[in-house]
Amino acid sequence: MKQATFTRFDHSSAQDWSIIDHHFKQYRSGAADRVLMHLLRLKGDNHGYPVDRYTHCLQTATRALRDGADEETVVCALLHDIGDDLAPDNHAEIAAGILEPFVDPLNVWMVRHHELFQGYHYRHFYGQDPHAREAYREHPAYARTVRFCDEWDQCAFDPDYDTLSLEYFRPMVERVLSRPPFDNEPQHNA
Ligand SMILES: [Fe+2]
């Protein structure tokens with residue numbers, strides 16, 4: 001396949017960028033597969049929890065689905081902890097970044113803030129304020145983030161729960177991640 005010939009951007013041509021754009025569109029179409037392959041990497045990562053992070057993600061999504069959440073929210077639930085291995089101290093940013101071009105900004109906010117909201121259930125064990133999330137009570141995504149954490153995320157550590165498989169969720173992830181990304185934004189990530 002053809003490649004651009006420049007050695008620096010300020011020497012590039014329209015033809016170079018046409019070639020790059022062609023490659024980029026092909027590569028982007030495989031994003032859902034790569035994201036789900038990364039989710040598989042969380043298999044076996046227990047870190048003292050009763051289930052590994054992979055099962056936790058699947059179970060959070062399963063609980064959301066069975067509670068009637070829409071497809072976009074289920075995908076957020078599936079991916080919300082995907083950054084655990086890459087950014088253990090800032091993991092929510094990874095999922096928020098993956099989802100941000102494709103989902104409602106309020107759902108991006110929900111994913112980005114889920115750790116603080118989830119802390120309602122354990123921060124006191126660390127001598128921290130479990131009610132810290134109340135600072136966001138007036139935020140339009142407050143209620144959905146509380147629901148996400150209280151009803152799906154914090155209770156998704158049950159090894160005996162009938163958790164759905166990754167393959168069940170794959171078409172949902174493919175549909176959400178193939179939506180048109182940010183309108184009117186440059187398509188390449190140089
Ligand atoms: Fe979680």
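So, at what angle do helix α5 and helix α6 pack? Keep in mind that this is a predicted model. The angle is about 170 degrees, and the two axes sit 8 Å apart. With anything over 145 degrees counted that way, α5 is therefore roughly antiparallel to α6. To find them, look at residues 91-99 for α5 and residues 105-118 for α6.

Who makes the contact? On the α5 side you have A92, E93, A95, A96 and L99. Facing them from α6 are N107, V108, V111, R112, H114 and E115. Sorted by class, that contact has six nonpolar, two polar and three charged residues.

Okay, on to the other pair. Helix α3 is residues 53-66 and helix α4 is residues 71-79. Here the packing angle is about 160 degrees, with the axes 7 Å apart, so α3 also comes out roughly antiparallel to α4. The crossing of α3 past α4 is right-handed.

From α3, the contact uses C57, T60, A61, A64 and L65, and α4 brings T73, V74, A77 and L78. What's the split by class in the contact of α3 with α4? Seven nonpolar, two polar and no charged residues.

Last bit, the annotation. UniProt, in an unreviewed entry, has "domain: HD/PDEase" over residues 49-164. In the model, that span is 50% helix and 0% strand, and its end C-alpha atoms lie 19 Å apart.

Note on methods:
Residues numbered from 1 in each chain as written. Predicted model: local features only at pLDDT ≥ 70, side-chain atom pairs only at ≥ 80, totals over all residues. Axes fitted to C-alpha atoms, helices over the stretch in contact; angles between N-to-C directions. Helix = DSSP H or I, 4+ residues; strand = E, 2+ residues; numbered from the N terminus. Parallel < 35°, antiparallel > 145°, perpendicular 65-115°, else oblique. Contact = placed C-beta atoms within 7 Å. Nonpolar A, V, L, I, M, F, W, Y, C, P; charged D, E, K, R; others polar. UniProt positions renumbered as here; feature names shortened; annotations may be inferred. Left-handed = near helix turned anticlockwise from the far one by under 90°.
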